[in-house]
Amino acid sequence: MHLQLQVLPFQTLQQLPCSFNFPPRQHKDVTIKGSHSRHPSVSVKSLPRRVFLQLMGFSPISLCIYPLFAAPMQEMNEPEVIRTLKLSGGVRIQEIIEGEGREARDGDYVQVNYVCRRSNGYFVHSTVDQFSGESSPVTLPLDENQIIKGLKDVLTGMKVGGKRRALIPPSVGYINENLKPIPDEFGPRRSLLSHAKEPLIFEVQLLKIL
């Protein structure tokens, strides 16, 4: 169940019932008698809790209006929002880490690590071993005649150390089997090309601009 909070004017707050309603208490007389005292006995009347709170500066209405006296509120930080950029070819890019230094340009050779998944999240191929964590970076030319155009568009403009996640539609993906990146091993190569006609998710990290 979701609660919706609304700021009310002070006049309205004064009319609201307060949860700090204490039951009426009867005054009790406490008599202190000293059998060996020379002074007369003293009678002390106990104060009701409501009166005690008012004397201390905490009236029930103030506790309703200012709940910070009752319980401190924890500071909440807003979650970081990752913005998505859609390119003209249909590629959707999320900038995860910006990186440093100059940007990669057309014609550059870059060294990258990547993970490729299907659009439903199923793993296809990666340059980083899922179990040992060891990586085998690949060197790619920023030339759409040699690598898939969608990935070339993702890498262009990246800085060293940067990381991007992108959804690449098949129209700018593996339109032929000679485009990089593609695994050398038969099994991973066959698995990747079997999903060439569907959108693929690439998460790439730029290691070097050569």
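This is a predicted model: local features need pLDDT of at least 70, side-chain atom pairs count only at pLDDT 80 or more; totals for chains, interfaces and linings use all residues.
**Entry 1**

K149 counts as partly exposed, at 32%. I noted that D153 and K149 both sit in helix α4, 4 residues apart, which is about one turn of the helix.

How many salt bridges did the count come to? I got 7. One of them joins D106 to K152, with the closest N and O atoms 3.1 Å apart. D106 is in the loop between β5 and β6 while K152 is in helix α4, so this pair ties together parts that are 46 residues apart in sequence. Is each end buried or exposed? D106 is exposed at 54%, whereas K152 is buried at 9%.

I also checked R102 and D108, whose side chains meet in a salt bridge at 3.3 Å, N to O. R102 came out partly exposed at 38%, and D108 buried at 12%.

Next I picked L200, in strand β11. L200 is buried, with 4% relative accessibility. Beyond its sequence neighbours, I listed contacts of L200 including C116, R117, I168 and Y174.

Then I searched the whole structure for cavities of 30 Å³ or more and found 1. The largest cavity holds about 40 Å³ of space. L200 is in its lining, along with others including I168, Y174 and F202. I sorted the lining residues into 8 nonpolar, 1 polar and 1 charged.

Terms used. Residues are numbered from 1 along each chain as its sequence is written. Side-chain values use heavy atoms; hydrogens and water are left out. Helices (H or I, at least four residues) and strands (E, at least two) are DSSP runs, numbered from the N terminus. Buried means under 20% relative accessible area, exposed over 50%, partly exposed in between (1.4 Å probe, protein chains only). Contact means heavy atoms within 4.5 Å. On a 1 Å grid over the protein atoms alone, a cavity is a set of points where a 1.4 Å probe fits but cannot get out, and a pocket is an open set with protein on both sides within 12 Å along at least five of seven lines; lining residues have an atom within 4 Å of a point. Grid points are joined across faces, edges and corners, and a volume is the space filled by probe spheres set on the points. Ala, Val, Leu, Ile, Met, Phe, Trp, Tyr, Cys and Pro count as nonpolar, Asp, Glu, Lys and Arg as charged, and the others, Gly among them, as polar. A salt bridge is a side-chain nitrogen of Lys or Arg within 4 Å of a carboxyl oxygen of Asp or Glu. Lists of a residue's contacts leave out its neighbours within four places in sequence.
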